[in-house]
Amino acid sequence: MLSYHQKSFLIVDDFSDFRSSVRSMLRELGVKDVDTADTGEQALKMCAQKSYDFILQDFHLGDGKKNGQQVLEDLMMEKLISHEAVFVMVTAETSQAMVLSALEHEPDAYLTKPFNRSGLAQRLERLEQRKTLLKPILQALDRGKPVEVLNACIALCKQDIRYSPLCLRYRADALRDMNQNEALERLYDSIIADRPLPWAFAGLGKLLFKRGQVSQAKGVYEKALKVFPMMPALYDGMADVLVAEGDTKGAQQVLEEAIRLSPLAVRRQALLGKLAMANEDFETASRAYRQAVNQGAQSRFKDPESNLGLAHALISKGSERGLDTRTRLEINTTLSAVAKENPTDPGLQIRARLMKATSLLLNDAETAEKLTEQALMRLDGMEQFMSPEAALLVAKQLQMLGQAEAGTSMLKSCAEIYGDDPTVMKDIAKLTDDPTILSSSNAAADLNRQGVRVYKTGNLVEAREVFRKALKMQPKNISIALNMAQSLLHGTDTNVPSAELEECRACLKLVGMMPDTDARYPRYQKLKSKAFGE
Amino acid sequence: MNQDEQALDFSTVIASTVHDMKNSLAMLMQAHSQWLARLPEAQRQGPEQGVIDFEFAHLNGMLVQLLGLYKLGVNQMPLQPAYHELDDFIEAQLAAHQEVFASRGIIATYEVDPLSPLGFFDRELIASVLGNCINNAIRYARESLLITVSDEAGQLVLSINDDGDGYPAEMLERQSDYVQGINHSSGSTGLGLYFAGRIAALHQRNGVGGRTEIRNGGPLGGGVFSIYLP
């Protein structure tokens, strides 16, 4: 018989009665090493100090506290527990909102209160057995080696083919991490043909979407939603598809559906806020952003963008006579939090001030002016690039606040950084008619395209020359700078100092100011680690 | 339309009340077991203890079932199928009733076909069906209860056997009425069959839905409840 008696346990529950009751059950079962925690925060601290073999985590730890799912997310993302450890979510009932919010990081088991000693013993015994069976796979996961995960799965299935269904998800995740897209697609197809598993549908949809097969992805989600109309993750995927197709109204509807099913999801609420803003549905936007802010307070997905979004939605909802006191108070609270919690981020400091100034424009012009001045001072000399959405909103607000000149310079820098993206240029055109801004990127963008063509023919010298010319026109343009850097790295030995390496490092340093939310950020990081040998 | 809304409102009221009752019951059971643990060994056992354990489990099972029926009614019953190890699953259901078995002197066993150790179903939903059936079987069983798991033409069959008197003939004849919810007159067993039938039907594969069946006989000669999952 396998034994969990020698293992270490952590019980996390806000009720001391429950903690002591489970502790005594474990004692009676012969377990000696038992610790307890009454909040998620404390549990995380304890897990950072000691690696527990079993964690019995209560889901609901009180309002305004981290819930069990958030604790699990934090533990996984910060690698505070091994994959070999057993995480059991203890629940008062199998509440839907909770179970459904957990497609990404699932606990090893759910245990519903009340349970007795034999029930607990049985679960622990079985979970220990399962972990032992899967040990080679779990150890490979801890090492972060997908190839080894795959090999361990193959070995286990060879040893006992009956357990192959248990390996499916590990295999799929490993193939995904290895970017083995064809093999992954075949695996998903075969799983779905046999048994419709919700995560397989979600994975296949995501894969197709990533590869740009948007309409195929849509087909998968449509089929999946017929079988699993209660799975929010599938609605999320469908919303991505609709956004890509330009149907933001449809995407909003789909996300609202997902939120009805599972309201506890910070990122989903934030995305709904963004879509509703794009659709000018300010009522829905403010509601969704408010949820994202409130739920995010205890979550690792806390994001100042939601606070700014909430303020923006509330301002947009306001009437021509200005905002009522309650709304102003809410805006003030949510923006103060941004300024207070991000003291070293100049972009957020500027945006929070301008947002607040905009909200006060009608009711308190004097304070609005003071805030605008503060923002302008910080804006001057800011090196960091804002995302195009943020930069354009800043430009618009500067215009509204009577700072036309600062607004124009914001638009100019936005056109320089993002000018090769036609959708950004379209949005810039909504804020200005100035032909010098609107046509400023044409020449550089043409040269950039030409450079890419030449690069593909393999003529490195000429490609670099063309990119160099383009970059001279727009030194901060992210696409051009990355292309320049890549063409310089191509065929260059990064271990030997050279003019090419110097030049490459310089242009990467400049665009290193890009926001990490940019789609090109991973590419930048790859180039950077090559150029700087990190 | 108006009438429907009123009906739904009332069922929502009932559902939230049941929800509260279930939480209350959980606290009660927990407090009771802690209190029990402090008593001297000799006072822990006794016929009253058996009654308390059984009725606790019975109440809990009925409340879970009521909530389940409510969710079915408003179409909120989510199916979360996955592969589960069957011996683990059955053991867990039996372990939850351990005290009742002990106090009633019932020996509960299970048999899982070693060739199909995994089943594909929604763990919580099937567990609630099984919980109700075990509870029901405890009431009628004399001294033994057997859960068997087998494979019939690709379908997973879970059967709960007891050695009691079996189901009344009238119930066997009209079981499809119960499953369809036509016969409302018969109290908790009828509702249980309805609930089990609906949950079985939610499990589908290639257009084939799951189903339930009751009969008499089986290896223990009493009532047999079977749930078929494709």
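This is a predicted model: local features need pLDDT of at least 70, side-chain atom pairs count only at pLDDT 80 or more; totals for chains, interfaces and linings use all residues.
**Where the chains meet**

Let's start at the interface. On one side, 37 residues of chain B are in contact with 34 residues of chain A. Together the two chains bury about 3,200 Å², and carbon and sulfur atoms give 51% of that area. The count of residue pairs in polar contact between chain B and chain A is eleven, with both residues at pLDDT 80 or more. Several elements of chain B supply at least two residues each to the side that touches chain A, among them helix H1 (2-38), helix H3 (47-73) and strand E1 (81-85). H1(B) gives the most, with seven residues. Sorted by class, this side of chain B has 19 nonpolar, eight polar and ten charged residues.

Strand E1 of chain B also holds Glu85(B). Glu85(B) counts as buried because its relative accessibility is 10%, under the 20% cut-off. Leaving out residues up to four places away in sequence, Glu85(B) touches Arg130(A), Tyr163(A) and Leu166(A) in chain A, and Pro117(B) and Leu118(B) in chain B.

**Salt bridges**

Over all chains the structure holds 39 salt bridges, and five are found across the interface of chain B and chain A. Here are a few of the pairs:

| Pair | Closest N to O |
|---|---|
| Arg126(A) and Glu91(B) | 2.9 Å |
| Arg215(B) and Glu213(B) | 3.7 Å |

What does the pair of Arg126(A) and Glu91(B) join? Arg126(A) lies in helix H5 (residues 117-133) of chain A and Glu91(B) in helix H4 of chain B, so the pair joins two chains. Arg126(A) is buried at 13% relative accessibility, whereas Glu91(B) is partly exposed at 22%.

Glu106(A) sits in the loop between helix H4 (96-100) and strand E5 (109-112) of chain A, and Arg169(A) in helix H8 (residues 164-177), so their bridge ties together parts 63 residues apart in sequence. Glu106(A) is partly exposed at 47%, and Arg169(A) is partly exposed at 23%.

There is also a network of salt bridges that links Lys66(A), Asp74(A), Glu78(A) and Arg300(A).

**Helix H14 of chain A**

Helix H14 (residues 266-278) of chain A has 13 residues and reaches 19 Å from its first C-alpha to its last, close to the 18 Å expected. Its buried residues include Val266(A), Arg268(A), Leu272(A) and Met277(A). The buried residues of H14(A) pack against helices H12 (232-244), H13 (248-261), H15 (282-296) and H16 (304-317) of chain A. Just after H14(A), Glu280(A) takes a positive phi of about 60°.

Terms used:
Residues are numbered from 1 along each chain as its sequence is written. Chains are lettered from A and ligands numbered from 1 in the order in which they are written. Side-chain values use heavy atoms; hydrogens and water are left out. Contact means heavy atoms within 4.5 Å. Buried area is the accessible area (1.4 Å probe) that two parts lose on being put together, summed over both. A salt bridge is a side-chain nitrogen of Lys or Arg within 4 Å of a carboxyl oxygen of Asp or Glu. A polar contact is a pair of N or O atoms within 3.5 Å; within protein, one must be able to donate a hydrogen and the other to accept it, and residues adjacent in sequence count only if both atoms are side-chain atoms. Helices (H or I, at least four residues) and strands (E, at least two) are DSSP runs, numbered from the N terminus. Ala, Val, Leu, Ile, Met, Phe, Trp, Tyr, Cys and Pro count as nonpolar, Asp, Glu, Lys and Arg as charged, and the others, Gly among them, as polar. The expected span of a helix is 1.5 Å times one less than its number of residues. Buried means under 20% relative accessible area, exposed over 50%, partly exposed in between (1.4 Å probe, protein chains only).
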